[in-house]
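Q: I have a new structure open and would like to learn how to read it. Could you take me through it step by step?

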Amino acid sequence: MKLVKLNRRYKAFKEEGHTWAFRFNEYHPRTVGAVEKIFQDMHGSQWKHWNQPNAWKANFGSPRTNGPRPYWISFRDEHDATVVLLRLETHV
C-alpha cells in the first residue's frame, strides 16, 4: 500500500477532485476491505447522490502487462490518510 499525491494526470483528480489516494498493487480482500471499512465508518458509502461530491471512492486502475490490476482508494482530505494508518495499526 502506497500513499500517492494525485495531480491532473490522475482520473480521480479530474473527475472527483480527490487529491490523495492509497494504491494497492493488487486487490487483497483483507487489507483493502479494512481500509474501505474505515472510510465507510468515517464518511459513509462511496456512492452518493448525483449532486453531492464523493468524500472517497475505490476502483481498479489500468491493467499492467502480464500482471494484476492495481486497486485505488482516492479521497479529498489528507487527514483521512492519517486516521486510516492509525486505525490499521490497531486492526492488524
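A: Let's start with overall size: the radius of gyration is taken over C-alpha atoms, and the globule rule is 2.2 Å times the number of residues to the power 0.38. Keep in mind that this is a predicted model, where local features need pLDDT of at least 70 and side-chain atom pairs count only at pLDDT 80 or more, while totals for chains, interfaces and linings use all residues. Residues are numbered from 1 along each chain as its sequence is written, and side-chain values use heavy atoms, with hydrogens and water left out.

Q: What radius of gyration does the protein chain have, and what would a compact globule have?

A: For 92 residues, a compact globule would come out near 12 Å; the protein chain has 13 Å, so the two agree. Along the principal axes, its C-alpha atoms fill a box of roughly 35 × 35 × 20 Å.

Q: How many helices and strands does the protein chain have?

A: Helices (H or I, at least four residues) and strands (E, at least two) are DSSP runs, numbered from the N terminus. Here there are three helices and four strands, and their pattern along the sequence reads β-α-β-α-β-β-α.

Q: What share of the residues counts as buried?

A: Buried means under 20% relative accessible area, exposed means over 50%, and partly exposed lies in between (1.4 Å probe, protein chains only). By that rule, 33% of the 92 residues are buried.

Q: Is Phe39 buried or exposed?

A: Phe39, which sits in helix α2 (residues 29-43), has a relative accessible area of 0%, so this residue is buried.

Q: Which residues is Phe39 in contact with, beyond its neighbours within four places in sequence?

A: Contact means heavy atoms within 4.5 Å. With those neighbours set aside, Phe39 touches Phe22, Gly44, Trp56, Ile73, Phe75, Asp80 and Val84. For the chain as a whole, take the contacts with a separation of 6 or more: 51% of them join residues 24 or more positions apart.

Q: How many salt bridges are there?

A: Side chains of opposite charge can pair when their charged atoms come close. The rule asks for a side-chain nitrogen of Lys or Arg within 4 Å of a carboxyl oxygen of Asp or Glu, and it gives a count of three.

Q: Where in the chain are Glu16 and Lys57?

A: These two side chains form a salt bridge at 3.6 Å, N to O. The pair links distant parts of the chain, with Glu16 in helix α1 (residues 11-16) and Lys57 in strand β3 (residues 56-60), 41 residues apart. Glu16 is buried because its relative accessible area is 18%, whereas Lys57, at 21%, counts as partly exposed.

Q: How accessible are Lys37, Asp41 and Arg87?

A: Lys37 is partly exposed at 46%, Asp41 is partly exposed at 43%, and Arg87 is partly exposed at 28%.
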